[in-house]
Amino acid sequence: MRATFRYVFLTAIRDRFPIAILAALIVAIALSVLVAGSTLSEGQQAGLAYGGEFIRAVLVLGLVTFVCFHVRRLHDTREIEAILTRPISRTAFVIAYYAAFSVLAGLLAAITVPMLVAALGAHGWGVLEWGASMVLEVWIVCALSLFCAMALESATAAVMVALGFYVLGRTAQFFLAIALSNLGVSENEGINITFRSTISVIASIMPRLDLFGQSRWLVYGPGGGWGVEILLLQTAIYVPLLLFATARDLHVRKF
Amino acid sequence: MSASSETRNTLKYTRWLWGMFFLFLAAQIWVSISTRNLRVAVDDMPSPPSVRSLKAMAFGDDEFLFRYLGRWLQFIGDGGGRIKPLRDYDYDRVVYWAEALDALDDNKSDYIHELMARYFGEITVAVDPKSERLGKVVGYLHVVALNDPAHFWKWLVWVANKARNPMRDGPLIEAIARDLQSPELKTKAVPAWVRVLPVRLYLSIGERDKAQAVLDHITPEDRAEIEAQKRALDAAVAQGKRLMNNSGQPAQPAK
């Protein structure tokens with residue numbers, strides 16, 4: 001397990017992933033500072049809101065791309081078969097692999113807090129709450145990307161599906177709100193009921209990613225109806241769910 | 001084929017490639033020069049979307065969308081080296097956008113209010129002789145200030161100034177004078193001179209009795225604060241100190 005953990009770290013460094021993400025984060029923060037300078041007032045608040053969202057985009061896009069392509073290359077070069085010949089169960093392999101990705105992602109997400117403090121003057125509990133929620137969000141993203149990359153045959157398809165799932169996770173509750181508001185999409189009530197039920201099922205399955213990484217915390221501090229506890233609960237449920245699905249997929253796969 | 005003829009062919013092919021490269025480079029320069037007069041279309045201000053649409057666009061992060069659209073509202077109409085005059089804006093739309101964005105931020109930020117006052121509210125009498133456009137900004141900021149007078153009292157003062165000049169709107173001046181006597185403004189966070197401002201407003205519309213009534217009801221604390229401010233002002237003037245910096249902000253005391 002430790003060897004797998006080390007392997008992921010070494011390959012990440014070999015692929016210059018941490019350096020690339022750090023460079024992208026610096027560019028994201030520089031862009032936020034630039035935008036902040038162009039606002040009529042409340043430049044710092046604007047910079048923090050932009051910084052928070054740009055950082056989130058860099059981390060999510062970077063991690064989804066890296067994890068998906070990393071895992072698919074593992075299959076293409078048959079390295080996965082070599083690894084699984086060792087005395088390690090497929091479930092242990094999935095857990096070790098995920099643990100390595102999540103530690104790497106968690107470190108990269110945690111680094112953004114001092115970056116925001118230094119470059120944009122973020123302060124107080126709000127930035128810590130935002131940082132903690134980013135760590136939890138990238139853990140879900142890692143599990144999601146790992147699942148997609150293991151289940152699908154193509155890296156590109158895995159990236160697309162993982163990003164689609166992520167976007168749905170951030171918008172599903174909005175669609176649910178529309179469905180529950182009894183706004184009809186059609187004159188036919190049967191179609192409306194089917195639409196509402198479908199949206200309701202999708203929203204129930206999706207993680208509440210829209211609750212994570214609120215820029216509001218960076219600007220106004222903690223608050224707004226929910227805190228890290230609910231995000232922790234969401235992560236504690238969704239990460240194992242995805243890992244069990246990944247392990248199950250790997251178990252039935254023939255090499 | 002001999003070695004020398006092969007070298008000749010390679011050389012010939014390389015020359016041909018260079019030739020094609022420079023040919024297309026020249027074509028690119030020609031296109032670039034001939035399209036210099038073409039300007040990118042400048043965005044016009046659309047009608048603001050519904051609250052539901054804004055929520056969908058926010059992907060769960062309302063604060064980021066608020067900051068993004070706030071900056072967009074600041075620059076809308078300008079671009080490609082052109083600036084759209086204030087007289088060409090549809091002020092009804094501007095106010096709708098401001099209200100929609102305020103709702104996105106739960107009316108916490110002052111950014112949109114600053115933008116409305118310091119940009120859209122700076123329309124001159126020359127292009128808005130009946131103060132029709134200015135009146136819409138004044139109406140918006142009046143409502144903003146009344147929603148939370150203790151927090152946004154400065155917009156009551158701004159509205160009062162515009163109502164006196166250039167609008168010369170007696171009923172509005174009287175209404176603002178009444179609003180400035182609201183119990184919500186009787187806190188330490190609001191300077192005493194704001195509570196005395198109705199005196200000037202009533203005098204400007206010839207209501208001497210009402211002005212006297214306000215003067216009669218000044219609390220001893222407010223009287224002491226105003227007298228202390230007057231003494232400090234007199235001393236500063238006597239010493240020839242600058243009261244304001246170039247940005248119109250109170251000058252920092254000399255170190």
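User: Before anything else, what counts as a helix or a strand here?
Analyst: Helices are DSSP runs of H or I with at least four residues, strands are runs of E with at least two, and both are numbered from the N terminus. Please keep in mind that this is a predicted model.

User: How do α7(A) and α8(A) pack?
Analyst: Helix α7 of chain A, residues 155-180, packs against helix α8 of chain A, residues 189-205, at an angle of about 150°, and their axes are 9 Å apart. Because angles over 145 degrees count as roughly antiparallel, α7(A) is roughly antiparallel to α8(A).

User: Which residues make that contact?
Analyst: From α7(A) the contact uses Ala172(A), Gln173(A), Phe175(A), Leu176(A) and Ala179(A), while α8(A) brings in Phe195(A), Arg196(A), Ile199(A), Ser200(A), Ile202(A) and Ala203(A). The residues of this contact between α7(A) and α8(A) divide into 8 nonpolar, 2 polar and 1 charged.

User: And the handedness of the crossing, left or right?
Analyst: The crossing in which α7(A) passes α8(A) is left-handed.

User: Switching topic, what radius of gyration does chain A have?
Analyst: Chain A has 20 Å, which agrees with the value near 18 Å that a compact globule with 255 residues would have. Taken along the principal axes, the C-alpha atoms of chain A fill a box of roughly 60 × 55 × 30 Å.

User: What share of its residues count as buried?
Analyst: Of the 255 residues of chain A, 41% count as buried.

Note on methods: Residues numbered from 1 in each chain as written. Chains lettered and ligands numbered in written order. Predicted model: local features only at pLDDT ≥ 70, side-chain atom pairs only at ≥ 80, totals over all residues. Axes fitted to C-alpha atoms, helices over the stretch in contact; angles between N-to-C directions. Parallel < 35°, antiparallel > 145°, perpendicular 65-115°, else oblique. Left-handed = near helix turned anticlockwise from the far one by under 90°. Contact = placed C-beta atoms within 7 Å. Nonpolar A, V, L, I, M, F, W, Y, C, P; charged D, E, K, R; others polar. Rg over C-alpha atoms; globule rule 2.2 N^0.38 Å. Buried ≥ 20, exposed ≤ 12 C-beta atoms within 10 Å, placed from the backbone.
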